[in-house]
Amino acid sequence: MKLAPIGTALSTLAFSGAVFAQGADIFKGADLALGEKLIAEHKCAQCHASKVGGDGGAIYKPGGRFNNAGLLRGMVEMCNTRMNLGLFPEEVTAVAAVLNRDHYKFK
C-alpha cells in the first residue's frame with residue numbers, strides 16, 4: 001500500500017515543522033563529536049556523492065532548498081527516516097549541528 005510512505009513523510013514534516021521558525025539555537029548543546037562520528041559511520045558523504053557526483057559536497061547549497069536551521073534539521077530527520085538509520089532525536093540534532101557548522105552557518 002502506498003499510504004505508509006506518505007504517512008511517514010507527513011509525520012516527518014509535521015515534526016520538523018515545529019522547528020521551522022527557530023534559529024541555530026536549536027543546535028545549542030549538540031554533541032558535535034557525536035555528529036561527526038555519525039556522519040562518518042553512516043557514510044553520509046558517500047550517499048550524497050552517489051546522488052550529486054563528485055565528493056558529494058554539491059548537495060550542501062546554503063540558501064538552496066532550505067534557508068534556516070529548523071529546515072536543515074528536518075532534512076537530516078528525513079534522511080534518518082528514509083534510510084532507516086535509527087537515529088535518536090539528539091543524534092539527528094548533532095548531525096544537523098555539524099552540517100550547520102561546516103556548511104550552512106545559520107544564525
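Before I go on, a word on what we're looking at. This is a predicted model, where local features need pLDDT of at least 70 and side-chain atom pairs count only at pLDDT 80 or more, while totals for chains, interfaces and linings use all residues. Residues are numbered from 1 along each chain as its sequence is written, and side-chain values use heavy atoms, with hydrogens and water left out.

So, what does Phe106 pair with? First, the structure holds one aromatic pair. In that pair, Phe106 is stacked with Tyr104, at 5.6 Å centre to centre and 20° between the planes. The rule is that rings of Phe, Tyr and Trp (its six-membered ring) pair if their centres lie within 6.5 Å; planes under 30 degrees apart count as stacked, over 60 as edge-to-face, and the rest as tilted. Tyr104 counts as buried too, because its relative accessibility is 10%.

Lys105 has a positive phi of about 60° although it is not a glycine, and you'll find Lys105 in the segment after H5.

Now let's zoom out. The protein chain has five helices and zero strands, where helices (H or I, at least four residues) and strands (E, at least two) are DSSP runs numbered from the N terminus. Buried residues make up 33% of the 107 residues in the chain. And take the contacts between residues at least 6 apart in sequence: 74% of them join residues at least 24 apart, with contact meaning heavy atoms within 4.5 Å.

How do H2 and H5 cross? The axes of H2 (residues 32–41) and H5 (residues 89–104) come within 7 Å and cross at roughly 90°. Axes here are lines fitted to C-alpha atoms, for helices over the stretch in contact, with angles from 0 to 180 degrees between N-to-C directions. That makes H2 roughly perpendicular to H5; the cut-offs are under 35 degrees for roughly parallel, over 145 for roughly antiparallel, 65 to 115 for roughly perpendicular, and oblique for the rest. Residues that meet there include Leu38 and Ile39 in H2, and Val95 and Leu99 in H5.

Leu99 comes back in the largest nonpolar core, which has 19 residues. A nonpolar core is a set of buried Ala, Val, Leu, Ile, Met, Phe, Trp, Tyr and Cys residues joined through side-chain atoms within 4.5 Å. The residues with the most contacts inside this core are Phe27, Leu72, Leu99 and our friend Tyr104. H2, H4 and H5 each supply at least two residues, and H5 gives the most, with seven.

Staying in H5, there's Thr93. Buried or exposed? Thr93 is buried, because its relative accessible area is 14%. Not counting residues up to four places away in sequence, Thr93 touches Ile26, Phe27, Ala30 and Arg73.

Last stop, H4 and what follows. Leu71 lies in H4 (residues 69–82) and counts as partly exposed, because its relative accessibility is 23%. Then Asn84 sits in the loop between H4 and H5. Asn84 is exposed, because its relative accessible area is 68%, and its phi is near 55°, a positive value in a residue other than glycine.

Note on methods:
Buried < 20%, exposed > 50% of the residue type's maximum accessible area, 1.4 Å probe, protein only.
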